[in-house]
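Hi there,

Here is the structure I promised to pass on to you. Have a look at it first, and then read on for my notes.

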Amino acid sequence: MAATRARELVAALAVRGETVATAESLTAGLLSAAIAGVPGASAVLRGGLVVYATDLKATLAGAQAEQLALDGPVAASTAAALAEGALRRCDATWGVGLTGVAGPDDQDGHPPGTLFLGISGPTGTCVTRPEVGGDRWQIRLGAVEAAVSGLLTRLGSSSAL
């Protein structure tokens with residue numbers, strides 16, 4: 001499903017003349033790789049930041065260190081900051097931020113499958129908490145699917161045509 005939806009995303013962005021960038025924690029670049037696997041992706045994918053370590057969420061993606069210390073790396077505020085940071089740092093139309101817990105162990109009191117998805121673009125920034133489950137690999141793939149679907153939804157409801 002993710003490959004089909006990624007093709008749909010690349011096509012939708014290309015038709016609109018828009019671009020996307022990512023800041024990924026638990027997916028460690030899988031979202032960017034899924035998009036880049038689609039022919040024509042070079043017209044829409046600006047780049048991506050792999051910010052697996054908490055300090056890189058601040059230094060690379062621009063999340064505020066104080067907010068990270070307060071809320072932690074697995075939080076809605078972090079997903080929003082990652083999305084906004086990807087958008088700014090890569091000069092894209094849309095930024096996508098993913099943070100969460102892939103497992104197998106809890107992190108900071110959050111169980112595996114906890115996911116925060118931030119999407120930032122011309123109509124502002126929104127954060128959702130998609131439901132994902134399974135083993136580590138399935139959680140990461142589910143996060144990619146949620147991000148692609150989430151951005152397609154935002155594109156469909158955006159008035160930036």
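Where does proline 112 lie? Proline 112 is found in the loop between S3 and strand S4 (115–121); helices (H or I, at least four residues) and strands (E, at least two) are DSSP runs, numbered from the N terminus. At 34% relative accessibility, proline 112 is partly exposed. From the C-alpha atom of proline 112 to that of arginine 154, 42 residues away along the chain, the separation is 26 Å.

A word on how to read all this. The model is predicted, so local features need pLDDT of at least 70 and side-chain atom pairs count only at pLDDT 80 or more, while totals for chains, interfaces and linings use all residues. Residues are numbered from 1 along each chain as its sequence is written, and side-chain values use heavy atoms, with hydrogens and water left out.

Back to the loop between S3 and S4, which also holds proline 104. Glycine 103 and proline 104 are joined by a cis peptide bond, with omega at about 15°. Aspartate 108 lies in that loop too, and its phi is near 50°, a positive value in a residue other than glycine. With 61% relative accessibility, aspartate 108 is exposed.

Aspartate 91 has a positive phi as well, near 50°. Aspartate 91 sits in the loop between H5 and S3, just after H5, and is exposed, its relative accessible area being 61%.

Next, strand S3 (residues 94–100), where you will find tryptophan 94. Tryptophan 94 is buried, at a relative accessible area of 0%. Its side chain makes a polar contact of 2.8 Å with the side chain of glutamate 18. A polar contact here is a pair of N or O atoms within 3.5 Å; within protein, one must be able to donate a hydrogen and the other to accept it, and residues adjacent in sequence count only if both atoms are side-chain atoms. The C-alpha atoms of tryptophan 94 and valine 44 are 9.9 Å apart, and the two residues are 50 residues apart along the chain. Threonine 99 also has its place in S3 and is buried, at 1% relative accessibility. The threonine 99 side chain reaches the backbone oxygen of proline 73 at 2.7 Å.

Glutamate 18 pairs with arginine 16, with the closest N and O atoms 2.9 Å apart, and both residues are buried. The other salt bridge joins arginine 5 and glutamate 8, with a closest N to O distance of 3.1 Å. Those two are three residues apart in helix H1 (residues 2–16), so about one helical turn separates them. Arginine 5 is partly exposed at 24%, and glutamate 8 is partly exposed at 41%.

Two helices are worth a look for their spans, where the expected value is 1.5 Å times one less than the number of residues. Helix H5 (residues 76–89) has 14 residues and should span 20 Å, which agrees with the 20 Å between its end C-alpha atoms. Among the buried residues of H5 are Thr78, Leu82, Gly85 and Leu87. Helix H6 (residues 136–157) has 22 residues and reaches 32 Å from first C-alpha to last, close to the 32 Å expected. The N-terminal end of H6 is capped by aspartate 135, which places a side-chain oxygen 3.1 Å from the backbone nitrogen of tryptophan 137.

Finally, the largest pocket, with a volume of about 190 Å³. Of the 16 residues that line this pocket, Tyr52, Gly100, Val101, Ala102 and Gln107 are the closest to its centre. On a 1 Å grid over the protein atoms alone, a pocket is an open set of points where a 1.4 Å probe fits, with protein on both sides within 12 Å along at least five of seven lines, and lining residues have an atom within 4 Å of a point. The volume is the space filled by probe spheres set on the points, which are joined across faces, edges and corners. Helix H3 (54–59) and S3 each supply at least two of the lining residues.

Best wishes

Notes
Salt bridge = Lys/Arg side-chain N within 4 Å of Asp/Glu carboxyl O. Buried < 20%, exposed > 50% of the residue type's maximum accessible area, 1.4 Å probe, protein only.
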